[in-house]
Amino acid sequence: MGRITVRRAVVKVTVGGDPLRRIDTLAVEEPLEIRVAGAPLAVTMRTPGHDVELAAGFLVSEGVIGAAEEFRSAIHCGGPGSGGEINEYNVLDIALAEGVRPPAPDVTRNFYTTSSCGMCGKASIDAVRTVSRFDVRVDPVVVGAERVAALPDRLRAGQSVFDKTGGLHAAGLFDAETGELLVLREDVGRHNAVDKVIGWALLQGRLPLRGVILQVSGRASFELVQKAAMAGIPVLSAVSAPSSLAVELADEAGITLLGFVRGDHMNVYSQPQRVRQEVLT
């Protein structure tokens, strides 16, 4: 596995005090090139680790696959690392199952994504309204407001790399009925963290993700709602604000979208019938 953190010398400055030299821990950001059957598909800037899940989740988000049996294998190849050296883990070649159609070249998209925006390069908003094979609107899940309110703190408690660096987003899947944490992933890119948890679910044969809550550490963008829809996730909860397009898509797809989930407060932007007010026992 590639490095997740690195240590660098910094100068800590305090107003009115003397500068101090110290060692700081940084989250690693390196490119990952995703190939399918040897053909380059995408490059994303990510934190190394769980790369197969990341690639699998990306393929789900792009509508290429939607079931574990459609993903055959993955192998790492050589690629550039931080500092210019060769990192053998920065190129991942995916083999799809026999009969699964590989992604077609799409001139409307430049498949280079940054750690802050996985939709960069889309030619128009219509091009990102990928049609999901799962109908989220039929999911009967209902979640208690008190349970949702507790999720940001539980997500934060599981961010081991964030504790060292302060520089990573997180995404976690929680069982809506029991509150059990199913999986948590960290990354410099919030869309990568979500792809990692979706990829985990795909490889575990858990798609569609009925009856779960996707909790994210940042804001709720259009892209994160899109990824939730592609994986069949009925509830998306964020500690910060959603965008107008995120709310529009969530309502259209039948996803319950919550924002500003902080303390005992939250805003429900779409499908509020899934959120109930009651005290958990």
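**Sheet order, cores and local geometry**

Leu236 has Leu257 of strand S13 as its bridge partner, and this pair belongs to the pairing of strand S12 (residues 235-238) with S13 (residues 256-262), which is parallel and extends over three bridges. The model is a predicted one, in which local features need pLDDT of at least 70 and side-chain atom pairs count only at pLDDT 80 or more, whereas totals for chains, interfaces and linings use all residues. Residues are numbered from 1 along each chain as its sequence is written, and side-chain values use heavy atoms, with hydrogens and water left out. Strands (E, at least two residues) and helices (H or I, at least four) are DSSP runs numbered from the N terminus, and two strands pair if DSSP finds at least two bridges between them.

S12 and S13 are part of an open sheet of six strands with mixed pairing, ordered S10-S9-S11-S12-S13-S14. Its edges are formed by strand S10 (181-187) and strand S14 (265-270), each of which pairs on one side only. On average, and with direction ignored, neighbouring strands of the sheet are turned by 20° against each other. Helix H6 (residues 244-253) packs on this sheet, where it touches S13 and S14, and its direction makes about 65° with that of S14; axes are lines fitted to C-alpha atoms, for helices over the stretch in contact, and angles run from 0 to 180 degrees between N-to-C directions.

Within the sheet, strand S11 (residues 212-216) is largely enclosed by the rest of the structure, because five of its five residues are buried (under 20% relative accessible area, with exposed meaning over 50% and partly exposed in between, for a 1.4 Å probe and protein chains only). In a regular strand the side chains alternate between the two faces of the sheet. In S11 both faces are covered, with Val212, Leu214 and Val216 buried on one side and Ile213 and Gln215 buried on the other. S11 is joined to strand S9 (residues 169-175) by five bridges in an antiparallel arrangement, in which Phe174 has Ile213 as its bridge partner. S11 and S12, by contrast, run parallel and are joined by four bridges, with Val216 standing opposite Ala238. Together with helix H5 (residues 222-231), S11 and S12 make a right-handed β-α-β unit, the hand being right if, with the strands pointing away from the viewer, the path from the first strand over the helix to the second runs clockwise.

In soluble globular proteins, nonpolar side chains tend to be buried together. The largest nonpolar core here has 54 residues, and those with the most contacts inside it are Ile65, Ile94, Leu173, Leu214, Ile233 and Ile255; such a core is a set of buried Ala, Val, Leu, Ile, Met, Phe, Trp, Tyr and Cys residues joined through side-chain atoms within 4.5 Å. Leaving aside neighbours within four places in sequence, Leu173 is in contact (heavy atoms within 4.5 Å) with residues including Leu181, Val197, Trp200, Leu214 and Ile233. A second, separate core of 14 residues includes Phe174, Leu258, Met266 and Val275.

Ser61 lies in helix H1 (residues 51-61) and counts as buried because its relative accessibility is 3%. The side chain of Ser61 makes a polar contact of 2.9 Å with that of Asp195 and another of 3.3 Å with that of Lys227, where a polar contact is a pair of N or O atoms within 3.5 Å, one of which, within protein, must be able to donate a hydrogen and the other to accept it, residues adjacent in sequence counting only if both atoms are side-chain atoms. Ala149, in helix H2 (residues 145-157), likewise counts as buried, at 18% relative accessibility.

Some loop residues have backbone geometry of note. Leu207 and Pro208 are joined by a cis peptide bond with omega of about 0°, and Pro208 is placed in the loop between helix H4 (190-203) and S11. His50, in the loop between strand S4 (39-46) and H1, has a positive phi of about 55° although it is not a glycine, and counts as partly exposed at 38% relative accessibility. Gln271, also not a glycine, has a positive phi of about 50°; this residue is found in the loop between S14 and strand S15 (275-276) and is buried, with a relative accessible area of 18%.
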